[in-house]
Amino acid sequence: MRRPLVMGNWKMHGTRGSVRRLLKEIAVAGESQAAEVVVCPAFVHLQQALNLCEGTAVSVGAQDCSHMTAGAFTGEVSAEMLLDLGCRWVILGHSERRQYHGESDDLVAAKLAAALQARLLPVVCVGETQEEREAGEAEYVVSRQLRGALEAQAGLQQVVVAYEPVWAIGTGLTATPAEAQDMHAFIRAQLGEIAGADPDAMRVLYGGSVKAANAAELFGQPDIDGALVGGASLDANEFRQIVAAAGGPQ
Ligand code: PEP
């Protein structure tokens, strides 16, 4: 049985004030959900988020980490630093990192190795662009990204995969539940072919304009184990409804 997971990717949004207001409503002491809930604020807000989530069922993750462990790498943050701070999770290979920071499959693989070594729980993002989908290359691209990141790594059981079609991120367009399910089933089959992973025990999240209105239908698909939520995770009410759709309070 895979426990649903709902992660909020806050991207480069927020102030100390908005972090406090959001978490006051999302991270409530004594409240637990059937779904595991994680928020991923910007690096500068991690400590504050960790303080505010203490004693609640909400965990905190980062949006990226370095592929290096330590050294003269100005501006970088290592997986060990995140773990030392108290983070449990890290998002890797988000399409915005691939697009705006030129992250290759090899770099994502190196970051995954660093995260696994530090015993962080990684969420590896994969997904095709609109052009790739129209060219019939969606599965090829997703398979290349998956294998590029995961093959030859140890400890894959801890890895979560997020399928995020690039054309659905922040656009208001969502893959239909059937389209998303098809790709999730394909991803699970690919995971089965990657040595060392038991695909039925691994969680595959959907991401791309998930909101309260479409969450339940997506979560109703057998291979969709939760969501990586961007825009809607900045609205506490919307985010709480998505969490509820993934299983509701316990
Ligand atoms: C994301 O950035 O991971 C994402 C899914 O964004 P949005 O929900 O805004 O499409």
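## Basis of the model

The model is predicted, with local features requiring pLDDT of at least 70 and side-chain atom pairs counted only at pLDDT 80 or more, while totals for chains, interfaces and linings use all residues. Residues are numbered from 1 along each chain as its sequence is written, and side-chain values use heavy atoms, with hydrogens and water left out.

Helices (H or I, at least four residues) and strands (E, at least two) are DSSP runs, numbered from the N terminus; two strands pair if DSSP finds at least two bridges between them.

E2 and E3 run parallel and are joined by three bridges; valine 38 has serine 59 in E3 as its bridge partner. E3 and E4 are likewise parallel, joined by two bridges, and alanine 62 stands opposite valine 90 in E4. In a regular strand the side chains alternate between the two faces of the sheet. Strand E4 (residues 89-92) is covered on both faces, with Trp89 and Ile91 buried on one side and Val90 and Leu92 buried on the other. Buried means under 20% relative accessible area, exposed over 50% and partly exposed in between (1.4 Å probe, protein chains only).

## Helix H2

Helix H2 (residues 46-53) holds the buried residues Leu46, Gln48, Ala49, Leu50 and Cys53. Their cover includes helix H1 (16-26), strand E2 (36-40), strand E3 (58-62) and helix H3 (79-85). Just after H2, glycine 55 takes a positive phi of about 80°.

## Alanine 236 in H10

Alanine 236 lies in helix H10 (residues 236-245) and counts as buried because its relative accessibility is 8%. Leaving aside neighbours within four places in sequence, alanine 236 is in contact (heavy atoms within 4.5 Å) with Leu22, Glu25 and Ile26. The C-alpha atoms of alanine 236 and leucine 22 are separated by 5.8 Å, although the two residues are 214 residues apart along the chain.

## Helices H5 and H7

Helix H5 (residues 105-117) and helix H7 (residues 138-150) pack at an angle of about 40°, their axes 7 Å apart. Axes are lines fitted to C-alpha atoms, for helices over the stretch in contact, and angles run from 0 to 180 degrees between N-to-C directions. In this contact, Asp105, Val108, Ala109 and Leu112 of H5 meet Arg144, Gln145, Gly148, Ala149 and Leu150 of H7.
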